[in-house]
Amino acid sequence: MIENKNIKKSWAEPFKIKVVEPIKMTTYEQRSKALEEAGYNTFLLKSEDVYIDLLTDSGTNAMSDYQWAGMMLGDEAYAGSKNFYYLWDNVRKYYGQPFFVPTHQGRAAEHLVSKILIKEGDYIPGNMYFTTTRLHQELAGGTFVDVIIDEAHDPDSTHQFKGNIDTQKLEDLFKKVGADKVPYVSMAGPVNMAGGQPFSMANLKEVKTLCDKYGVALWFDATRATENAYFIKTKEEGYADKTIQEIFFEMNSYFEGVWVSAKKDLMVNIGGFLATKNEKVYEEARNLVVVYEGLHTYGGLAGRDMEAMARGIEEMIEFDNIRTRIGQIEYCGQKMLEYGLPIVNPIGGHAIFMNARRFLDHITQDEFPAQTLAAAIYQDSGVRGMERGIVSSGRDPVTGKHRYPKLELVRLTFPRRVYTQAHIDVTVESVANVYDQRKSIKGLKMVYEPKYLRFFQARFEKI
Ligand SMILES: *Cc1c(COP(=O)(O)O)cnc(C)c1O
């Protein structure tokens, strides 16, 4: 296969730039002031004050001319829009899931799935948590149980599939609480909180076999599934000659259903959906979506948004697109390693994760090292990343105490098709500069804490 022969050669973007969006350059003094006003939380900065925005790749992607052209074909009928049917066709074709309900974004689909499947007192095992996923599972009365392999919690482990589920942990849970208390196993890949780490197809098949043995359903957070398919193709034996589409289809085939934030892989600015083989779940979801989102043929979205999503599916599955995406992250990670910067290994699918514990080893976890580091990088250069550590982890709903995650990370996330290699060079230089001056950096204290998903709106002051 020609595709495969090219894998190790250098790559360039399979597109050229047609429209540009100017960004503002700021001074150190302006950034210091903006940071203080934002309570040292990068989520509270104004986007105008940001130079290179690596906060998230969620909804921040550049759409193609093909997607933009589709926006003009929006059929904004209240019921039965043609864009809805086109999107449904593509979900069936690429994900292989026959039933489909659109939602305004991923967490809305998580809300529906959790509400339908979870009863009070249930347990939901998953390969590490994701913030909104776990919260919806908890709000529905469930308890999330992390069954990811131990290596995932070790930023230095070079395990190639750190997103794998530890099947022993999973079986132990089935035995301990009883499989009837487990409505479904919740799998995601690549695993964001572990550093964008994929699971292998072999592991997925083992998990599926175990779930079948105990009669437990297996559901997929397929938000970043094309990235996972890319890692299977490039790292797992037996998949080098398969296309991304084939691998993607096979992965999805093992699940009873999927939920998706279209703001990631599908390269749009808004959207989500759930899709399933389970007709009963579908019927309930189709009914509930009317309560929370809108009619089941638009689910909180405009017709034009559904058209952009449908076209995004066709593009996300192209090998060159996904290689470029992950190639940018590899390039950034390699440069950081050359500088000796402490990052999570192996380099993940959508972001570089810096090990803030090691970076700022003089700051205790109670003084929020990752929050502090994200603020320091912004102050240095206007590059915006985000905290993925104790603040994101939140409090234990039972004890009310901070959860202390092993991983204390700053995430620099690359929006798809938005920044160039030169932006990456500037970013790496800034992080290196902060690293050289790390001993002079002091920690933070939290002065405002919201009840849910506190990392979005919490405020801090310098110690
Ligand atoms: C972004 C994301 C979600 C939530 O989706 P939203 O569109 O932000 O509501 C859920 N799971 C994963 C893995 C995500 O990356």
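In this predicted model, the largest nonpolar core has 81 residues. The residues with the most contacts inside this core are Tyr 95, Tyr 184, Leu 204, Met 251, Leu 266 and Phe 273. Domain 1 (28-50 + 319-462) and domain 2 (65-316) both contribute residues to the core, so it lies between them.

The domain assignment of the protein chain divides it into domain 1, which is made of the stretches 28-50 and 319-462, and domain 2, which covers 65-316. Taken over C-alpha atoms, the centres of domain 1 and domain 2 are 26 Å apart. The contact takes 32 residues from domain 1 and 40 residues from domain 2.

Apart from its neighbours within four places in sequence, Tyr 95 is in contact with Asn 90, Ala 222, Phe 248, Phe 249, Asn 252, Val 258, Val 260, Leu 266, Phe 273, Ile 313 and Met 316. Of these partners, Leu 266 and Phe 273 are also listed among the residues with the most contacts inside the largest core.

Tyr 95 also takes part in the packing of two helices. Two packed helices are described by the angle between their axes and the distance between the axes. Helix H4 (residues 82-95) packs against helix H10 (residues 244-253) at an angle of about 90°, and their axes are 8 Å apart. Angles from 65 to 115 degrees count as roughly perpendicular, and H4 is therefore described as roughly perpendicular to H10. On the H4 side, Arg 92, Lys 93, Tyr 94 and Tyr 95 take part, and they meet Gln 245, Phe 248, Phe 249 and Asn 252 in H10. Sorted by class, this contact has four nonpolar, two polar and two charged residues.

Burial can also be followed along another helix. Helix H9 (residues 225-235) is mostly covered, with nine of its 11 residues buried. The buried residues in H9 include Ala 225, Ala 229, Tyr 230, Phe 231 and Ile 232, together with Thr 226, Glu 227, Asn 228 and Lys 233.

Leaving aside its neighbours within four places in sequence, Gln 328 is in contact with Trp 11, Glu 13, Phe 414, Tyr 419, Thr 420 and Ile 424.

The backbone deserves attention as well. Gly 189 and Pro 190 are joined by a cis peptide bond with omega of about -10°. Pro 190 lies in the loop between strand E5 (184-188) and helix H8 (201-214). Another cis peptide bond runs from Asn 345 to Pro 346, with omega near -20°, and Pro 346 is found in the loop between H13 and strand E9 (351-355).

Met 128 is not a glycine, yet it has a positive phi of about 65°. This residue lies in the loop between strand E3 (123-126) and helix H6 (131-139), and Met 128 is buried, with a relative accessible area of 8%. Arg 417, likewise a residue other than glycine, has a positive phi near 65°. Arg 417 lies in the loop between strand E12 (409-413) and helix H17 (421-436).

Conventions: Residues numbered from 1 in each chain as written. Predicted model: local features only at pLDDT ≥ 70, side-chain atom pairs only at ≥ 80, totals over all residues. Heavy atoms only, no water. Axes fitted to C-alpha atoms, helices over the stretch in contact; angles between N-to-C directions. Helix = DSSP H or I, 4+ residues; strand = E, 2+ residues; numbered from the N terminus. Parallel < 35°, antiparallel > 145°, perpendicular 65-115°, else oblique. Contact = heavy atoms within 4.5 Å. Nonpolar A, V, L, I, M, F, W, Y, C, P; charged D, E, K, R; others polar. Core = buried A, V, L, I, M, F, W, Y, C linked by side-chain atoms within 4.5 Å. Buried < 20%, exposed > 50% of the residue type's maximum accessible area, 1.4 Å probe, protein only. Domains from an automatic or database assignment.
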